[in-house]
Amino acid sequence: MKKACADVETIRTMKALVFHGPNKLALEERPKPEIMSPTDAVVRITATTICGTDLHILKGDVPTIADGRILGHEGVGIIEAVGADVENFHPGDKVLISLISSCGRCSFCRKEMYSHCSNGGWLLGNTVDGTQAEYVRIPYADTGLYLLPPDADDEAMVMLSCALPTGFECGALSGQVQPGDTVAIVGAGPVGLAALLTVQLYSPAAVVMIDLDDNRLKVATSLGATHVVNSWEGKTVEWVMALTHNSGVDVAIEAVGLPATFDLCQAIIAPGGHIANVGVHGTSVELHLEKLWAANVTLTTRLVDAGTTPMLLGMVLSGRLDAKKLVSHRFELSEILKAYEIFGNAAKEHAIKVIIRNSCVKEGPI
Ligand SMILES: NC(=O)c1ccc[n+]([C@@H]2O[C@H](COP(=O)([O-])OP(=O)(O)OC[C@H]3O[C@@H](n4cnc5c(N)ncnc54)[C@H](O)[C@@H]3O)[C@@H](O)[C@H]2O)c1
Ligand SMILES: [Zn+2]
Ligand SMILES: [Zn+2]
């Protein structure tokens, strides 16, 4: 039997996944969020998920996350309440939550660098309580939410909160993939696989996926990778150089966030190539300028702006991008600690993206 949502008049608390420092998570009872600013909305989450960034947070790689923060920056849900200045959404609307909150007015927003919005940016599950809960408060709801058709598939839609725009913007777009290019993607997690799906929009000649996880590499092949390499044996550089007749790859996308994987990208990049860093790094890496200074290489870093979400949403809704193929496991919110364990042991558990559903039944007035 399904349980009732924590939204009846008398119930003022909800279940939420709370961060208490490196490797300390707890599913706790927390106050239900309320509208704090006229541009806010409160959304009842129906589906959320876990990002590789949440694993970096758990490791202590992201110092902005305070003890007591509710994690999660991805989700789909139903609007519960809107502030007086919210124009585009109404209670009862089904919405996609973007990980980026943007005021739309500051100098960074005017430059379409929404992730650096002076009043917003990546807030959810970072400096503001996030989506791994029954309810979430969304700042700047008019720009941070997207209206979904009532019958849109929650599982496919939730890939649009972070994984797809990140793989596309920080990987394919920053890497400036051109028709005929050879592309290497280091890291076949959901973000690396999202980069794989979206670099193919530019007709590369070859896409090489590199990971330590044979299951994820198998999934990469099914999603269009022309070559896969398990880098466990340590011969990856030689292998890629042989594949490219010693010239290296035109684009190397780093989708892990470790010094070793950043090093690998530097070692396999061709003259004139683009290294697109996507991974969240918790420690410094060595920049091999003694080798790269004359190589005409471009190195990009980027926090996803999510400005391409409307375009990607159209592609997923039309079936042009099959985002649901990234989903491997499903849990209820009450099982979220288990979901973290499975996602954190992805190779052993054959996990890609884990869906966490909040399938409580709405009771009482909206
Ligand atoms: N820049 C941004 O805005 C942004 C946004 C979202 C996520 N990210 C980052 O993107 C990265 C990928 O996210 P994800 O959700 O796919 O994470 P994930 O943890 O699911 O995937 C990481 C993958 O890297 C592989 N890996 C680990 N060590 C490796 C090694 N030495 N060699 C090769 N592969 C190795 C793992 O097996 C795994 O498949 C993370 O660092 C995440 O924090 C960045
Ligand atoms: Zn993310
Ligand atoms: Zn702004």
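This is a predicted model: local features need pLDDT of at least 70, side-chain atom pairs count only at pLDDT 80 or more; totals for chains, interfaces and linings use all residues.
Residues are numbered from 1 along each chain as its sequence is written, while chains are lettered from A and ligands numbered from 1 in the order in which they are written. Helices (H or I, at least four residues) and strands (E, at least two) are DSSP runs numbered from the N terminus, and two strands are taken to pair if DSSP finds at least two bridges between them.

Antiparallel pairing is found elsewhere, where strand β4 (residues 75–82) and strand β5 (residues 94–97) are joined over 4 bridges, with K94 in β5 as the bridge partner of I78. Strand β5 also runs antiparallel to strand β9 (residues 145–147), to which 3 bridges join it, and here the bridge partner of L96 is Y146 in β9.

Ligand 1 has 35 residues around it, of which G52, G189, V191, G257 and V280 come nearest; a residue is near a molecule if its C-beta atom, placed from the backbone, lies within 6 Å of it. By class, this shell has 20 nonpolar, 11 polar and 4 charged residues (Ala, Val, Leu, Ile, Met, Phe, Trp, Tyr, Cys and Pro count as nonpolar, Asp, Glu, Lys and Arg as charged, and the others, Gly among them, as polar). At least two shell residues are supplied by each of α1 (52–59), α5 (163–173), α6 (190–199), β11, α9 (259–268) and α13 (346–349), and α1 gives the most, with 4 residues.

Two of these contributors, α5 and α6, have axes that come within 7 Å and cross at roughly 65°, the axes being lines fitted to C-alpha atoms, for helices over the stretch in contact, and angles running from 0 to 180 degrees between N-to-C directions. The helices α5 and α6 are therefore roughly perpendicular to each other, a term that covers 65 to 115 degrees.

Conventions: Angles under 35 degrees count as roughly parallel, over 145 as roughly antiparallel, 65 to 115 as roughly perpendicular and the rest as oblique.
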